[in-house]
Amino acid sequence: MFYLSSILLLLFMGIVFFVLFSLAYAGLSAAPWVPLSNKEIRRMLSLAGVKPGEKVYDLGSGDGRILIIAAREFGAETVGYEISILPYIISKIRIAFARLQDKIKINFSSFYKTDLSEADVITVFLLPEAMKKLSPIFRKGLKPGARIVSYAFAMKDWEPMKVDKPDPKTMAIYLYRA
Ligand SMILES: C[S@@+](CC[C@H](N)C(=O)[O-])C[C@H]1O[C@@H](n2cnc3c(N)ncnc32)[C@H](O)[C@@H]1O
């Protein structure tokens with residue numbers, strides 16, 4: 001009995017360690033998990049002018065909220081990339097509850113080495129260092145005309161098509177075209 005409970009405790013500690021490690025690793029890789037409000041997500045997707053049938057990629061898809069709103073309200077086909085296990089599992093559950101499995105695909109992998117050539121719209125809410133790393137990847141990997149919407153952080157070496165900042169208290173959203 002003591003032996004079994006020790007094994008269970010070790011297993012539990014291993015899982016907790018893995019969850020905490022993956023949250024910290026994601027924070028260092030591009031940004032920690034900070035979910036956006038639905039209102040701000042709608043502002044991003046409207047600024048990008050997402051149309052039914054378009055492919056929207058969310059890089060660092062967190063709990064899947066951008067993907068769900070893009071699929072449900074804008075009729076998009078969506079793809080997410082997430083490296084942190086906790087938000088990834090939550091996103092899978094949310095998508096299953098919303099019955100949107102046929103419209104949303106989520107990859108448990110880093111977005112840095114992925115093929116983005118099919119994306120019509122890319123959404124990002126990532127730290128400036130990650131935007132710097134993604135800039136050449138977007139230049140090489142996106143099809144002409146693809147749009148990028150970035151919440152709060154600009155891509156310094158790109159000229160935005162539009163910047164949405166309705167008032168001084170609201171975060172800016174940047175729209176770029178490849
Ligand atoms: C600021 S949150 C944005 C979450 C979501 N897009 C939203 O707006 O609600 C950034 C997300 O990127 C994830 N992330 C960080 N580095 C990543 C990487 N290299 N590949 C995939 N996801 C990553 C984090 O785990 C986190 O969930």
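Student: Where is the place of Ala-146?
Tutor: In this predicted model, Ala-146 sits in the loop between helix 5 and strand 5.

Student: Is Ala-146 buried or exposed there?
Tutor: Ala-146 counts as buried, because its relative accessibility is 1% and the cut-off for buried is under 20%.

Student: Which residues is Ala-146 in contact with, leaving aside its neighbours within four places in sequence?
Tutor: Ala-146 is in contact with Ala-119, Asp-120, Tyr-176, Arg-177 and Ala-178.

Student: And how far apart are Ala-146 and Lys-55?
Tutor: In sequence, 91 residues separate Ala-146 from Lys-55. In space, their C-alpha atoms are 9.8 Å apart.

Student: Let us turn to helix 5. What span should its residues have, and how far apart are its end C-alpha atoms?
Tutor: Helix 5 covers residues 128–141, which makes 14 residues. At 1.5 Å a residue the helix should span 20 Å, and its end C-alpha atoms are 19 Å apart, so the two values agree.

Student: Where does the kink in helix 5 lie?
Tutor: The kink is at Leu-134, shortly before the proline Pro-136, and amounts to about 30°.

Student: Which residues of helix 5 are buried?
Tutor: Ala-130, Met-131, Leu-134, Ser-135 and Phe-138 are buried.

Student: Why would residues three or four places apart point the same way?
Tutor: An α-helix has 3.6 residues a turn, so residues at that spacing point the same way.

Student: What do the buried residues of helix 5 pack against?
Tutor: They pack against strand 1 (55–59), strand 4 (121–124) and strand 5 (147–151).

Student: Now the ligand. Which of the 23 residues around it come nearest?
Tutor: Ser-29, Asp-58, Gly-60, Glu-82 and Ser-110 come nearest.

Student: Which polar atoms lie 3.0 Å and 2.8 Å from a nitrogen atom of the ligand?
Tutor: For Asp-58, a polar side-chain atom lies 3.0 Å from a ligand nitrogen atom. For Gly-60, a polar backbone atom is 2.8 Å from a nitrogen atom of the ligand. Ala-26 also takes part, with a backbone N or O atom 3.4 Å from a ligand nitrogen atom.

Student: How much of the ligand does the protein bury?
Tutor: The ligand taken alone exposes 600 Å², and the protein buries 99% of that.

Student: Back to Ser-29: where is it found, and what does it touch?
Tutor: Ser-29 is found in helix 1, which covers residues 2–29. Not counting residues up to four places away in sequence, Ser-29 touches Ile-83, Tyr-112 and Lys-133. Ser-29 counts as buried because its relative accessibility is 17%.

Student: What about phi of Arg-99?
Tutor: Phi of Arg-99 is near 50°, a positive value in a residue other than glycine. Arg-99 is in the loop between helix 4 (85–97) and strand 3 (104–107), and is exposed, with a relative accessible area of 71%.

Student: And phi of Ala-152?
Tutor: Phi of Ala-152 is near 75°, again a positive value in a residue other than glycine. Ala-152 lies in the loop between strand 5 and strand 6 (162–164) and is buried, at 17% relative accessible area.

Student: Finally, what joins the side chains of Asn-107 and Lys-105?
Tutor: A polar contact of 2.9 Å joins them. Asn-107 lies in strand 3 and counts as buried at 15% relative accessibility.

Methods: Residues are numbered from 1 along each chain as its sequence is written. This is a predicted model: local features need pLDDT of at least 70, side-chain atom pairs count only at pLDDT 80 or more; totals for chains, interfaces and linings use all residues. Side-chain values use heavy atoms; hydrogens and water are left out. Helices (H or I, at least four residues) and strands (E, at least two) are DSSP runs, numbered from the N terminus. The expected span of a helix is 1.5 Å times one less than its number of residues. The bend at a residue is the angle between axes fitted to the seven residues ending there and the seven starting there. Buried means under 20% relative accessible area, exposed over 50%, partly exposed in between (1.4 Å probe, protein chains only). Contact means heavy atoms within 4.5 Å. A residue is near a molecule or strand if one of its heavy atoms lies within 4 Å of it. A polar contact is a pair of N or O atoms within 3.5 Å; within protein, one must be able to donate a hydrogen and the other to accept it, and residues adjacent in sequence count only if both atoms are side-chain atoms. Accessible areas come from the Shrake-Rupley method with a 1.4 Å probe; for residues, only the protein chains shown count as cover.
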